[in-house]
Amino acid sequence: MEEILTEPTSPSSASNSSIILGSLSKSDIDAVIRDNMKKISRCYRLGQASGANTQGRVTLKFVIGTDGQVTSAQVKNTTLNNPTTEACMVEVAQKMIFPPPSGGGVVIVSYPFSFSN
């Protein structure tokens with residue numbers, strides 16, 4: 001399950017500018033993730049081929065901009081600790097396209113992926 005942040009980042013850390021948060025439904029987010037699962041699975045297979053750990057959980061944090069494009073993506077937490085898989089997953093997330101958020105702001109999402117043999 002993803003968590004959609006509902007509180008803006010402190011303006012003091014963003015040079016006196018605030019972040020306006022929009023919203024997307026869980027089903028909208030899940031649909032885009034589902035559409036990209038083959039690419040995420042390819043990342044997992046790349047990690048397996050590197051001989052590194054292939055079991056664990058990776059939580060990606062990404063920001064969906066006002067136009068639905070992902071403006072930033074990163075690994076929030078990982079127990080997989082497989083840099084090949086994680087870098088590939090971040091790259092896939094950066095290319096995802098979501099519906100534009102309602103409310104005219106951005107949406108910050110944390111989305112977990114679990115991998116096992």
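Helix 2 and helix 3 cross each other in a right-handed manner. The structure described here is a predicted model. Two packed helices are described by the angle between their axes and the distance between the axes. For helix 2, which spans residues 37-49, and helix 3, which spans residues 83-94, the axes come within 8 Å and the crossing angle is roughly 160°. Angles over 145 degrees count as roughly antiparallel, and helix 2 and helix 3 are therefore roughly antiparallel to each other.

The contact between these helices involves Lys39, Ile40, Arg42, Cys43, Tyr44, Leu46 and Gly47 on the side of helix 2, which meet Thr84, Thr85, Cys88, Met89 and Val92 of helix 3. By residue class, the contact of helix 2 with helix 3 comprises 7 nonpolar, 3 polar and 2 charged residues.

The protein chain as a whole contains 3 helices and 4 strands. Read from the N terminus, the order of these elements is β-α-α-β-β-α-β. Of the 117 residues in the protein chain, 39% are buried. Among contacts between residues at least 6 apart in sequence, 75% join residues at least 24 apart.

Aromatic side chains were examined next. Rings pair if their centres lie within 6.5 Å, and the count by this rule comes to 3 aromatic pairs. In one of them, the ring centres of Phe62 and Phe98 are 5.7 Å apart and the ring planes stand at 25°, so this pair is stacked. The pair links distant parts of the chain, since Phe62 belongs to strand 2 (residues 56-64) and Phe98 to the loop between helix 3 and strand 4 (107-115), with 36 residues separating the two. Phe62 and Phe98 are both buried. Another pair is formed by Tyr111 and Phe113, whose ring centres are 5.2 Å apart; their planes are at 45°, so the pair is tilted. Tyr111 has a relative accessible area of 12% and is therefore buried. Phe113 likewise counts as buried because its relative accessibility is 4%.

When residues up to four places away in sequence are not counted, Gly56 touches Thr79, Leu80, Phe113, Ser114 and Phe115. Gly56 and Phe115 are 59 residues apart along the chain, yet their C-alpha atoms are separated by 5.3 Å. With a relative accessible area of 17%, Gly56 is buried, the cut-off for this class being under 20%.

The loop between strand 3 (70-78) and helix 3 includes Asn81 and Asn82. Most residues other than glycine have a negative phi. Asn81, in contrast, has a positive phi, near 50°. Asn81 counts as exposed because its relative accessibility is 52%, whereas Asn82, at 1% relative accessibility, counts as buried. Asn82 and Ser50 are 32 residues apart in sequence, and the C-alpha to C-alpha distance between them is 8.9 Å.

Note on methods:
Residues numbered from 1 in each chain as written. Predicted model: local features only at pLDDT ≥ 70, side-chain atom pairs only at ≥ 80, totals over all residues. Heavy atoms only, no water. Axes fitted to C-alpha atoms, helices over the stretch in contact; angles between N-to-C directions. Parallel < 35°, antiparallel > 145°, perpendicular 65-115°, else oblique. Left-handed = near helix turned anticlockwise from the far one by under 90°. Contact = heavy atoms within 4.5 Å. Nonpolar A, V, L, I, M, F, W, Y, C, P; charged D, E, K, R; others polar. Phe/Tyr/Trp six-rings, centres within 6.5 Å; stacked < 30°, edge-to-face > 60°. Buried < 20%, exposed > 50% of the residue type's maximum accessible area, 1.4 Å probe, protein only.
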